[in-house]
Amino acid sequence: MLAEISLRLPSAPPPPNLGFAPEREAVPARENVFSTRVGPRWIDPALVIDMPGGLAGFPALRSFAGIQLDRARFGPFNLLQSLEDPRVAFLVFADVPGASLYARAHLDAACADEGFEPSATAVLVIANARAERGVSLNLRAPILLETRLRTAAQHIMAEGDYPIRHVP
């Protein structure tokens, strides 16, 4: 299912400034090892993503890490993993500048609303994969990640006609 949709999305590895650790980096137990949906992972404390406002439906969860998934199996999708609750993780797609799913003016307005510098902000789109419905992207509420500060916010797009269930 993910492989099929991957063919319709820009396929590029996540930019290095996202700080998404490769999935294969499982390490023996030591400091900064967290339980994740893909097993225990060492998370570099400098790459933890702080989400002061949490995510829709999960307002108390505020610390996340990005895990780069196997590209052959998951294509451009990665995992945004809660560090506070190992059961909570989201498939995300890093929107690709130049082939963006968003109008530049709308992203600039969203960054301004969040107090983020557009040139230092990555856009993560949450993917919903359901066996009965396939894969859809939530374009209405992307996650804006200010890569220098490692701060993120889920932003409801006020401008544009961005659906909650976009099927590419």
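Just after helix H3, Gly 115 takes a positive phi of about 75°. Helices (H or I, at least four residues) and strands (E, at least two) are DSSP runs, numbered from the N terminus. The model is predicted, so local features need pLDDT of at least 70 and side-chain atom pairs count only at pLDDT 80 or more, while totals for chains, interfaces and linings use all residues. Residues are numbered from 1 along each chain as its sequence is written, and side-chain values use heavy atoms, with hydrogens and water left out.

Within H3, the residues His 106, Leu 107, Ala 110 and Cys 111 are buried, where buried means under 20% relative accessible area, exposed over 50%, and partly exposed in between (1.4 Å probe, protein chains only). Seen down the axis of H3, its buried residues fall within an arc of 135°, so they line one face of the helix; the arc is that of the directions from the helix axis to the C-beta atoms. Ala 105 and Ala 112, on the other side of H3, are exposed. The cover over the buried residues of H3 includes strand E8 (121-130) and E9, with contact meaning heavy atoms within 4.5 Å.

Strand E9 (residues 134-146) also pairs with E10, in the antiparallel sense and over four bridges; two strands pair if DSSP finds at least two bridges between them. Thr 151 in E10 is the bridge partner of Glu 146. The hairpin of E9 and E10 has four residues between the strands, and Arg 150 in this hairpin takes a positive phi near 60°. In a regular strand the side chains alternate between the two faces of the sheet. In E10, Thr 151 and Ala 153 point one way and Ala 152 and Gln 154 the other way, and all are buried.

The structure holds three aromatic pairs. Rings of Phe, Tyr and Trp (its six-membered ring) pair if their centres lie within 6.5 Å; planes under 30 degrees apart count as stacked, over 60 as edge-to-face and the rest as tilted. One of the pairs is formed by Phe 77 and Phe 93, whose ring centres are 6.2 Å apart and whose planes stand at 55°, so this pair is tilted. It links distant parts of the chain, with Phe 77 in strand E6 (residues 77-82) and Phe 93 in strand E7 (residues 89-94), 16 residues apart. Phe 77 is buried at a relative accessible area of 0%, and Phe 93 counts as buried at 1%.

Another pair joins Tyr 102 and Tyr 162, with ring centres 4.9 Å apart and planes at 45°, so this pair is tilted. Tyr 102 lies in the loop between E7 and helix H3 (104-114), and Tyr 162 in the segment after strand E10 (151-154), 60 residues apart. Both Tyr 102 and Tyr 162 are buried.
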